[in-house]
Amino acid sequence: ASDVYKRQTEGLAAVRVGQAWHYIDIEGRTRIRCAGYEAVKPFRNGRAEVIRDGRRLEIDRAGREFEI
């Protein structure tokens, strides 16, 4: 079971198990592993805002990072 669950947007929901964030699909399968991220937000327009090492970034549905 997850410790924290954020609402599903664009077919993905952010869940935290222990200290690791992941995005899962509607069947509960992990789609993006976000180990090392301090915080994540729901997807909007194909991207989600995340914080890693104190830096705000965006990731796409493939998990690629982008500066904001």
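Modeller: Let's start with cysteine 34: leaving aside residues up to four places away in sequence, cysteine 34 touches Trp21, His22, Tyr23 and Ile59. The model is predicted, so local features need pLDDT of at least 70 and side-chain atom pairs count only at pLDDT 80 or more, while totals for chains, interfaces and linings use all residues. Residues are numbered from 1 along each chain as its sequence is written, and side-chain values use heavy atoms, with hydrogens and water left out.

Colleague: What makes something a touch, or contact?

Modeller: Heavy atoms within 4.5 Å. Lysine 6 has contacts too: Ala13, Ala14, Trp21 and Val40, again not counting residues up to four places away in sequence.

Colleague: Where is lysine 6 placed, and why is lysine 6 called partly exposed?

Modeller: Lysine 6 sits in the loop between strand S1 (4-5) and strand S2 (13-17). Strands here are DSSP runs of E, at least two residues, numbered from the N terminus. As for exposure, buried means under 20% relative accessible area, exposed over 50%, and partly exposed in between (1.4 Å probe, protein chains only). Lysine 6 comes out at 26%, so partly exposed it is.

Colleague: How many residues are in the largest nonpolar core, and which of them touch the most other members?

Modeller: There are 13, and Tyr23, Ile32, Cys34, Val40, Phe43, Val50 and Ile59 touch the most other members. At least two residues of this core come from each of S3 (20-24), S4 (30-34), S5 (37-40), S6 (47-52) and S7 (55-60). A nonpolar core is a set of buried Ala, Val, Leu, Ile, Met, Phe, Trp, Tyr and Cys residues joined through side-chain atoms within 4.5 Å.

Colleague: How do you know that S5 and S6 pair?

Modeller: Two strands pair if DSSP finds at least two bridges between them. Three bridges join S5 to S6, which run antiparallel, so the pair passes. Valine 40 stands opposite valine 50 in S6.

Colleague: What makes S5 and S8 edge strands?

Modeller: Four strands make an open sheet in the order S5-S6-S7-S8, with antiparallel pairing. S5 and S8 (65-67) each have a single partner strand, so one side of each is left without a neighbour in the sheet.

Colleague: Why is the contact between arginine 29 and aspartate 25 called a salt bridge?

Modeller: The rule asks for a side-chain nitrogen of Lys or Arg within 4 Å of a carboxyl oxygen of Asp or Glu. Arginine 29 and aspartate 25 have N and O 3.1 Å apart, so they qualify. Arginine 29, at 44%, is partly exposed, whereas aspartate 25, at 10%, is buried. A search of the whole structure finds nine salt bridges.

Colleague: What parts does the salt bridge between glutamate 67 and arginine 55 tie together?

Modeller: The closest N and O atoms of glutamate 67 and arginine 55 are 2.4 Å apart. Glutamate 67 lies in S8 and arginine 55 in S7, so the pair ties together parts 12 residues apart in sequence. Glutamate 67 is exposed at 59%, and arginine 55 is partly exposed at 34%. Salt bridges that share partners also join Asp25, Glu27, Arg29 and Arg31 into one network.
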